[in-house]
2 protein chains.
Amino acid sequence: MSKRARDIQKALSASGYRITQPRRAVIEVVARARRSLSPEEILARARKIDPGVGLATVYRTLDVLQAEGHLERVRIGNRGYSLACSEKALHFHLICERCRTVTEIQSDQFSGALIAQLQAVGFESRKSAIEIIGLCAKCQSSE
Amino acid sequence: MSKRARDIQKALSASGYRITQPRRAVIEVVARARRSLSPEEILARARKIDPGVGLATVYRTLDVLQAEGHLERVRIGNRGYSLACSEKALHFHLICERCRTVTEIQSDQFSGALIAQLQAVGFESRKSAIEIIGLCAKCQSSE
DNA sequence: AAACTTAGTGAGAATCGTTCTCAACAAGAA
DNA sequence: TTCTTGTTGAGAACGATTCTCACTAAGTTT
Ligand SMILES: [Zn+2]
Ligand SMILES: [Zn+2]
Ligand SMILES: [Zn+2]
Ligand SMILES: [Zn+2]
């Protein structure tokens, strides 16, 4: 089991959630993922660890992980994708609509300017991550 | 008929699209909208102009308008919302998840910094509008 | 104006992602 | 081990979007 998965389990447990077999499997999958995965993809991978896992449980576990701040949900088209996120401050997610890789970028320069303007307008952002859809460098060259 | 609607019709016609009754109705609704509307809302309003319009045609017309750059699609939760967009340069959409009002903000200061960083990473943004979900000033105070 | 070609149409079925329901289960406390 | 109750899987239900297909009408050609 990965360290990341262990940390998440510990945190969930501390918050009063039960650490069940299916949850263990989903957490392990998410912790190991190198790109954002769809719920269906997470289900397929989780079943290699615990064959009995159901799709509903994947959704439920993703909800829990998101509520506890261990995961962020990302949308490409109609499909919902999930991603473990490290950065805490306001930052951007560059989401490649081809390979679904998510790159995080951050700069105090524009974050500061943006936050100032949001305050000026009186808008309160609910998410700390802003999504930019497009094509990553690799996928541009291989198109 | 609004000027905006007429301009859009002219542009579509020039691109080879037929200007049909249902399309006229949908275009008129979108051109007059002061906030983002859901396809169902657009349908209801369009039927006041042309009672026979079907939901499928609303979706199809929205697709055309989007493909031709007269409209941007915005997502709040699962629902798809549409919005006529004026700004051409890179800008932000502040989307209130309560009242669905969309405010556009723009500043060369952070746009420049952001574009520079996107280029540095080699990421090519497909959309000129970046969405920030949250609560507008009005809805914050009345919550 | 009439005929013609074919893009566009409405109704409803189909599909997709997600949520709900509920009887059965099992994690963790005692 | 027993008990409590949070959690589960299967499938039904749901809401948004897309598809199908026979029919219609926009715009072009006569
Ligand atoms: Zn992030
Ligand atoms: Zn890519
Ligand atoms: Zn815009
Ligand atoms: Zn609002």
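The model is predicted, so local features need pLDDT of at least 70 and side-chain atom pairs count only at pLDDT 80 or more, while totals for chains, interfaces and linings use all residues. Residues are numbered from 1 along each chain as its sequence is written, chains are lettered from A and ligands numbered from 1 in the order in which they are written, and side-chain values use heavy atoms, with hydrogens and water left out.

A:Cys99 is partly exposed, with a relative accessible area of 27%, whereas A:Cys136 is buried at 14% (buried, under 20%; exposed, over 50%; partly exposed, in between; 1.4 Å probe, protein chains only).

DNA strand D is surrounded by 22 residues, the closest being A:Thr20, A:Arg23, A:Thr57, A:Arg60 and B:Tyr59; a residue is near a strand if one of its heavy atoms lies within 4 Å of it. Sugar and phosphate make up 66% of the atoms of DNA strand D that come within 4 Å of the protein. Phosphate oxygens of DNA strand D lie 3.0 Å from a polar backbone atom of A:Gly52, 3.2 Å from one of A:Gly54 and 2.3 Å from a side-chain N or O atom of B:Tyr59.

Conventions:
A polar contact is a pair of N or O atoms within 3.5 Å; within protein, one must be able to donate a hydrogen and the other to accept it, and residues adjacent in sequence count only if both atoms are side-chain atoms.
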